[in-house]
Amino acid sequence: MKKIICTLIAAALFICTLAALTLTGCQKKTVNYADYISEKRTGIYLYSADGLEIKIYISEKETPYTADGIKGNVSPLTEIFVTLPENKDEVNVSAGSLHGEMNYRAVENCYYLSSSDSAITGDSVEVTLSYGEDSQTYSAGSVLHSGIISCEEALKCAVEHDGTLFDSLTENGIFGGEIFVRLIYDDGCYYYVGVCDRNKKINAYLVDGEHGKIIAQKELNG
């Protein structure tokens, strides 16, 4: 009798184990879409007064940058944009550990400097602009505050809003595209979330940075 009982128990355990393994094999693999972000702008610092404007973007970005649906190597990137009320022959900038001569961009009518140095952090940064022997220092403040969601949370909003798109680009736990998440500021914080597939088609979403809601959606062809 004991042998029969033991045999029945062993058989039941075998069936349960087999069922569990079968269920596990059929379960959908979880994808961390944040692993496919090829551009992530996490910070913006601003100063504006009397026709002078300073913008600083703190990012991680693919190098070289190509919107082809494939994530490449990502590196830190700090970009400084300066617009002056009157253009100068030479403009040098110093912000945190970043300093150097800025390049003039005629199309945007501004001065620009970029660096792989991402040491700028905190609520504000002192920015010194030099024109020959003349120099002045300004305090650029961060647009972020405690109520603003992160890049990863903004991406999650897009995934929840348009899960069909993300599912269609995912096969065997691998996402067939790359993702751009950029903090932007326009009287408030927002996030641009762009999903680029291998055909260079981009589905773009504008996310409210405080409430985590999709407020606009657009499809772009690369």
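Begin by selecting strand 6 (residues 103–105) together with strand 7, which run antiparallel and are joined by three bridges; strands here are DSSP runs of E with at least two residues, helices are runs of H or I with at least four, and both are numbered from the N terminus, while two strands pair if DSSP finds at least two bridges between them. Within this pair, Arg105 stands opposite Cys110 in strand 7. The two strands form a hairpin with four residues between them, and Asn109 in that turn has a positive phi of about 55°.

Before going further, note that this is a predicted model, in which local features need pLDDT of at least 70 and side-chain atom pairs count only at pLDDT 80 or more, whereas totals for chains, interfaces and linings use all residues. Residues are numbered from 1 along each chain as its sequence is written, and side-chain values use heavy atoms, with hydrogens and water left out.

Now extend the selection to the whole of strand 7 (residues 110–115), where five of the six residues are buried, meaning under 20% relative accessible area, with exposed meaning over 50% and partly exposed in between (1.4 Å probe, protein chains only).

Next, select Lys40, which is placed in strand 1 (residues 37–49). Is Lys40 buried or exposed? With a relative accessible area of 16%, Lys40 is buried. Its side chain makes a polar contact of 2.9 Å with the side chain of Glu152, a polar contact being a pair of N or O atoms within 3.5 Å, where within protein one must be able to donate a hydrogen and the other to accept it, and where residues adjacent in sequence count only if both atoms are side-chain atoms. If you display the residues in contact with Lys40 (heavy atoms within 4.5 Å), leaving aside neighbours within four places in sequence, you will find Ile58, Ser59, Glu60, Cys151, Glu152 and Val181.

Move on to Asn172, in the loop between strand 10 (170–171) and strand 11 (174–175); although Asn172 is not a glycine, its phi is positive, at about 55°, and the residue is exposed, with a relative accessible area of 61%. Then take Asp187, in the loop between strand 12 (177–185) and strand 13 (189–197), which is likewise a residue other than glycine with a positive phi, near 55°, and which counts as exposed at 74% relative accessibility.

Finally, show the protein chain as a whole, which has three helices and 15 strands, and in which 36% of the 222 residues count as buried. Colour the chain by pLDDT, the predictor's confidence in each residue from 0 to 100: the mean is 89, and 86% of the residues reach 70 or more. Over residues 1–28, however, the pLDDT is below 50, and beyond near neighbours in sequence this stretch has one contact in the model.
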